[in-house]
Amino acid sequence: YAGHGVQIGGSNHLIGTDFSGSDLEALRRNSMTLDRVRDVIAKAGPNAGILLIDACRNNPFTDKGLVEQGLIRARGGAGLLIAYATDPGNVAYDGTGQNSIFTASLLEHIATPDLDIRLMLGRVRQQVVLDTNGRQVPWVEESLLGEYEFAQQTAEAAPQDETSADLAFWR
């Protein structure tokens with residue numbers, strides 16, 4: 001998810017970037033709670049539920065004192081990973097290009113073949129921390145059961161000898 005995110009009364013709300021309301025009630029009516037998204041994923045019962053959230057930027061609602069800054073930690077469940085652009089209560093930076101600093105780093109690492117998602121997100125965190133001089137620290141809450149990657153090794157790059165092929169299979 002990439003858009004606006006705010007916390008209201010201890011709950012994270014995801015809001016479309018085209019939202020133009022100006023009061024708290026409109027904000028509640030035009031948002032979806034992260035708890036609801038998590039519940040839908042849990043009900044679907046995937047082996048791994050993965051939420052990548054780039055939504056805790058500074059916003060006018062915080063400036064007006066209607067909501068608190070950033071997002072709060074969400075409760076998860078077995079088999080769920082939630083990655084946030086920054087740590088709880090902090091602001092994620094937009095960056096200078098088409099994507100935020102977090103999303104740009106994510107795009108750089110997500111296609112690395114056979115890299116477990118937790119290691120991939122560790123590389124993203126390291127790059128974002130370096131790029132922001134420590135002002136933004138991506139945050140991950142996870143309870144995945146197993147190893148998962150976004151990109152698998154291509155057939156052309158598969159090991160040629162029998163021992164290497166066997167090791168690759170078991171990995």
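## A walk through a predicted fold

Helices here are DSSP runs of H or I with at least four residues, strands are DSSP runs of E with at least two, and both are numbered from the N terminus. Residue numbers count from 1 along each chain as its sequence is written. The model is predicted, so local features need pLDDT of at least 70 and side-chain atom pairs count only at pLDDT 80 or more, while totals for chains, interfaces and linings use all residues; side-chain values use heavy atoms, with hydrogens and water left out.

Is leucine 145 buried or exposed? With a relative accessibility of 60%, leucine 145 counts as exposed. The cut-offs are these: buried means under 20% relative accessible area, exposed means over 50%, and partly exposed lies in between, using a 1.4 Å probe and protein chains only. Leaving out residues up to four places away in sequence, leucine 145 touches Ala78 and Gly79, where a contact means heavy atoms within 4.5 Å. Asparagine 47 is 98 residues from leucine 145 in sequence, yet their C-alpha atoms are 7.9 Å apart in space.

Now step back to the whole chain. The protein chain holds 6 helices and 6 strands, and from the N terminus on they follow the order β-β-α-β-α-β-α-β-α-α-β-α. Of its 171 residues, 38% are buried. Take the contacts between residues at least 6 apart in sequence: 62% of them join residues at least 24 apart. The chain exposes about 10000 Å², and carbon and sulfur atoms supply 50% of that area, as computed by the Shrake-Rupley method with a 1.4 Å probe.

Strand β1 (residues 4-8) has 4 of its 5 residues buried, so β1 is largely enclosed by the rest of the structure. Its partner is strand β2 (residues 11-15), and the two pair in the antiparallel sense over 5 bridges; strands pair if DSSP finds at least two bridges between them. Across this pairing, glutamine 7 stands opposite asparagine 12 in β2. Together β1 and β2 form a hairpin with 2 residues between them, and glycine 9 in the turn has a positive phi of about 55 degrees. Glycine 10 is also found in the loop between β1 and β2, and its relative accessibility of 49% makes it partly exposed. The C-alpha atoms of glycine 10 and valine 67 are 9.9 Å apart, although 57 residues separate them along the chain.

What about β2 itself? In β2, 5 of the 5 residues are buried, so this strand too is largely enclosed by the rest of the structure. Ser11, His13 and Ile15 point one way from β2, while Asn12 and Leu14 point the other way. β2 also pairs with strand β3 (residues 31-33), in the antiparallel sense over 3 bridges. One of the partners here is serine 31 in β3, which bridges to isoleucine 15.

Let us turn to the inside. A nonpolar core is a set of buried Ala, Val, Leu, Ile, Met, Phe, Trp, Tyr and Cys residues joined through side-chain atoms within 4.5 Å. The largest such core has 15 residues, and those with the most contacts inside it are Leu81, Leu106, Ile117, Met120, Leu121 and Val124. β5, α4 and α5 are the elements that give two or more residues to this core, and α5 gives the largest share, 5 residues. A second, separate core of 12 residues includes Leu14, Leu51, Ala55 and Tyr84.

Helix α4 (residues 101-109) has Ile101, Phe102, Thr103, Ser105, Leu106 and His109 as its buried residues. Their cover includes β4 (49-53), β5 (80-84) and α5 (117-131). Methionine 120 is in contact with Leu106, His109, Ile110, Leu115 and Phe150, leaving aside its neighbours within four places in sequence.

Finally, look for tyrosine 93. The charged end of arginine 135 sits over the ring of tyrosine 93, 5.5 Å from its centre; this label needs NZ of Lys or CZ of Arg within 6 Å of the ring centre and within 35 degrees of the ring normal.
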